[in-house]
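Keep the structure open as you read.

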Amino acid sequence: MATGNEDWNNGYKGYGSDPTTQMNLMKTVVEAAIKNDIYVIIDWHSHNANEQTNSAKDFFSKMAQEYGQYDNVIFELFNEPTDVSWNTIKTYADQVVSAIREHSDNLILVGTPRWDQNPHAPIGNEVNDPKKNTAYTLHYYANSHNWEGNYSWGGESEGVKGEKAIKAGLSVFISEWG
């Protein structure tokens, strides 16, 4: 879902400018998934969600209250944080998780730094989730990412980072792939 004040000059505006339209679009998709018994991710698709905390809390509180009793509904709080630190993401996520948990115990996905490439970042500093039903996201594209080893510049591959997170006891969810 478009979350900001986008305006594409054709009447389509983001949640920040037109929350009613965005909520109606979201409800159409979620209700179709529920009716057809398929999983659906309610995604706050923003690269700067940490600057939209109050809007995200309000949105997810409404979504959790309305759809949080359906087991096939998953909440994704922050899709592809850019160069945002894990501490900044966690501060945001802790607040949004709290808003969701008032109404639902469903799975919550939390984005990781640098476009969901660092699911190991939360090790030892996980999101505060009283229901312990949180997973950290990883985005993986076979044409540009590696599952093992290091890159020529010395950085660890996405797969190595994912395995580190899993071995540390974190749940990793690949919410985007190709």
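This is a predicted model. Start with helix H1 (residues 19–35) and helix H2 (residues 53–67). Their axes come within 12 Å and cross at roughly 30°. Angles under 35 degrees count as roughly parallel, and H1 and H2 are therefore roughly parallel to each other. Their crossing is right-handed. On the H1 side, the contact is made by Met23, Met26, Lys27, Val30, Glu31 and Ile34. H2 brings Phe59, Lys62, Met63, Glu66 and Tyr67. Sorted by class, this contact has seven nonpolar and four charged residues, with no polar ones.

Now turn to H2 and H3. These helices pack at an angle of about 25°, and their axes lie 8 Å apart. That angle makes H2 roughly parallel to H3. Here too the crossing is right-handed. From H2 come Thr53, Ala56, Lys57, Phe60, Ser61 and Ala64. They meet Tyr92, Gln95, Val96, Ala99 and Ile100 in H3. By class, the contact has seven nonpolar, three polar and one charged residues.

Next, the core. In soluble globular proteins, nonpolar side chains tend to be buried together. Which residues touch the most other members of the largest nonpolar core? Of its 35 residues, they are Ile42, Phe59, Phe60 and Leu77. At least two core residues come from each of H1, strand E1 (40–43), H2, strand E2 (73–76), helix H3 (86–101) and strand E3 (108–110). H3 gives the largest share, seven residues.

Finish at Phe60. Beyond its neighbours within four places in sequence, Phe60 is in contact with Ile42, Trp44, Phe75, Glu76, Leu77, Val96 and Ile100.

Methods
Residues numbered from 1 in each chain as written. Predicted model: local features only at pLDDT ≥ 70, side-chain atom pairs only at ≥ 80, totals over all residues. Heavy atoms only, no water. Axes fitted to C-alpha atoms, helices over the stretch in contact; angles between N-to-C directions. Helix = DSSP H or I, 4+ residues; strand = E, 2+ residues; numbered from the N terminus. Parallel < 35°, antiparallel > 145°, perpendicular 65-115°, else oblique. Left-handed = near helix turned anticlockwise from the far one by under 90°. Contact = heavy atoms within 4.5 Å. Nonpolar A, V, L, I, M, F, W, Y, C, P; charged D, E, K, R; others polar. Core = buried A, V, L, I, M, F, W, Y, C linked by side-chain atoms within 4.5 Å. Buried < 20%, exposed > 50% of the residue type's maximum accessible area, 1.4 Å probe, protein only.
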